[in-house]
Amino acid sequence: MTILKIALEIVVVIASILLTLLILMHKGKGGGLSDMFGGGISSNAGTSGVAEKNLNRLTIVVALIWVAIIIALSLMAKYHIG
């Protein structure tokens, strides 16, 4: 079971990095900190293309995988598995 725990820890690190990159790839919707520094001037919050919708779906899938692995690792730690 130690191999499973190590594999899950490696996957959660990869998923964390991927999730961070996916979140940073999203367009700003305005009204946030980016508007203070001029980021909201050129952003068009009214449009959302196919690429943005696919990016949203991919982000949600990676986030769900990340949460599931975190729960699995915590259950393994609670019941001393691995």
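Residues 58-77 form a span that is 100% helix and 0% strand, with end C-alpha atoms 29 Å apart. Helices here are DSSP runs of H or I of at least four residues, strands are runs of E of at least two, and both are numbered from the N terminus. Residues 6-24 are likewise 100% helix and 0% strand. Their end C-alpha atoms lie 27 Å apart. An unreviewed UniProt entry lists both spans, 6-24 and 58-77, under "transmembrane region". UniProt positions follow the numbering used here, feature names are shortened, and such annotations may be inferred rather than shown by experiment.

The model is predicted: local features need pLDDT of at least 70, side-chain atom pairs count only at pLDDT 80 or more, and totals for chains, interfaces and linings use all residues. Residues are numbered from 1 along each chain as its sequence is written, and side-chain values use heavy atoms, with hydrogens and water left out.

The protein chain has three helices and zero strands. From the N terminus on, the order is α-α-α. Buried residues make up 15% of the 82 residues in the protein chain. Buried means under 20% relative accessible area, exposed means over 50%, and partly exposed lies in between (1.4 Å probe, protein chains only). The accessible surface of the protein chain comes to about 6,100 Å². Carbon and sulfur atoms hold 74% of that surface. Accessible areas come from the Shrake-Rupley method with a 1.4 Å probe; for residues, only the protein chains shown count as cover.

The largest nonpolar core has five residues: Leu-8, Val-12, Ile-69, Leu-73 and Met-76. Helices α1 (2-25) and α3 (50-78) each supply at least two residues of this core. Helix α3 gives the most, with three residues. A nonpolar core is a set of buried Ala, Val, Leu, Ile, Met, Phe, Trp, Tyr and Cys residues joined through side-chain atoms within 4.5 Å. Beyond its neighbours within four places in sequence, Met-76 is in contact with Met-1, Leu-4, Lys-5, Leu-8 and Ile-81.

Two further residues of α3 were examined. Thr-59 is found in helix α3. This residue counts as buried because its relative accessibility is 11%. Leaving aside neighbours within four places, Thr-59 is in contact with Leu-19, Leu-22, Ile-23 and His-26. Trp-66 is also found in helix α3. Its relative accessibility is 30%, so Trp-66 counts as partly exposed. With neighbours within four places again set aside, Trp-66 is in contact with Val-12, Ala-15 and Ser-16. Trp-66 and Leu-8 are 58 residues apart in sequence, and their C-alpha atoms are 9.9 Å apart in space.

Helix α3 gives the most to the nonpolar patch, with three residues. Ile-71 lies in this helix. Ile-71 is partly exposed, with a relative accessible area of 45%.

His-80 is found in the segment after α3. This residue is exposed, with a relative accessible area of 73%. Phi of His-80 is near 55 degrees, a positive value in a residue other than glycine.

Notes
Contact = heavy atoms within 4.5 Å.
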